[in-house]
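Work through the following exercises with the sequence and the model in view. Each task is followed by a solution in steps.

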Amino acid sequence: MAIALDEARAAAAAGEVPVGCVVLGPDGTELARARNRRAGESDPTAHAEVLALRSAAAAVGSWRLEGCSVVVTLEPCPMCAGALVAGRLARVVFGAADPKAGACGSLYNLCTDPRLNHEVAVVHGVREAECAEVLRSFFAARRR
């Protein structure tokens, strides 16, 4: 989570919503990391998770990221949770819950929906206060 938090802080410094993500291989080694880049790339899909998944898939040479884990500072949205399921990730670990758009327990449970073709284990609340504070500080500064 420390690496994901570093990515989130870098996103904030660039004026992006501060979300950071790391993809870990089955053995725990880092495959990819990313931060939100929606504004900078003028791309609504440039969420940290999607960018990190793309890089991880390129690194392993397959869209199937079986056995891999994603560590992200904010609960994934429906698009990102869907990408985790589609990529066959084993686990998602997130810090702050997202009551307005969270799809890993807050609003939806896409990762653990047995109707889908794959389930992703969800671990929530890791360094939650720190992850939430990065977001809170960013939005407080923007309101000033």
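**Exercise 1.** Determine the order of the strands in the open sheet and state which strands form its edges.

*Solution.* Step 1: The open sheet has five strands in the order β2-β1-β3-β4-β5, with mixed pairing. Strands (E, at least two residues) and helices (H or I, at least four) are DSSP runs numbered from the N terminus, and two strands pair if DSSP finds at least two bridges between them. Step 2: β2 (30-35) and β5 (121-124) each pair on one side only, which makes them the edge strands.

The model is predicted: local features need pLDDT of at least 70, side-chain atom pairs count only at pLDDT 80 or more, and totals for chains, interfaces and linings use all residues. Residues are numbered from 1 along each chain as its sequence is written, and side-chain values use heavy atoms, leaving out hydrogens and water.

**Exercise 2.** In which sense do β1 and β2 pair, and over how many bridges?

*Solution.* Step 1: β1 (residues 20-24) pairs with β2 in the antiparallel sense, over five bridges. Step 2: Within this pair, Gly 20 is opposite Arg 35 of β2.

**Exercise 3.** Describe how helices α1 and α5 are arranged, and which residues make their contact.

*Solution.* Step 1: The axes of α1 (residues 2-13) and α5 come within 11 Å and cross at roughly 0°; axes are lines fitted to C-alpha atoms, for helices over the stretch in contact, with angles from 0 to 180 degrees between N-to-C directions. Step 2: The two helices are therefore roughly parallel (angles under 35 degrees). Step 3: Leu 5, Ala 8, Arg 9 and Ala 12 of α1 meet Glu 130, Cys 131, Val 134 and Phe 138 of α5, contact being heavy atoms within 4.5 Å.

Methods. Angles under 35 degrees count as roughly parallel, over 145 as roughly antiparallel, 65 to 115 as roughly perpendicular and the rest as oblique.
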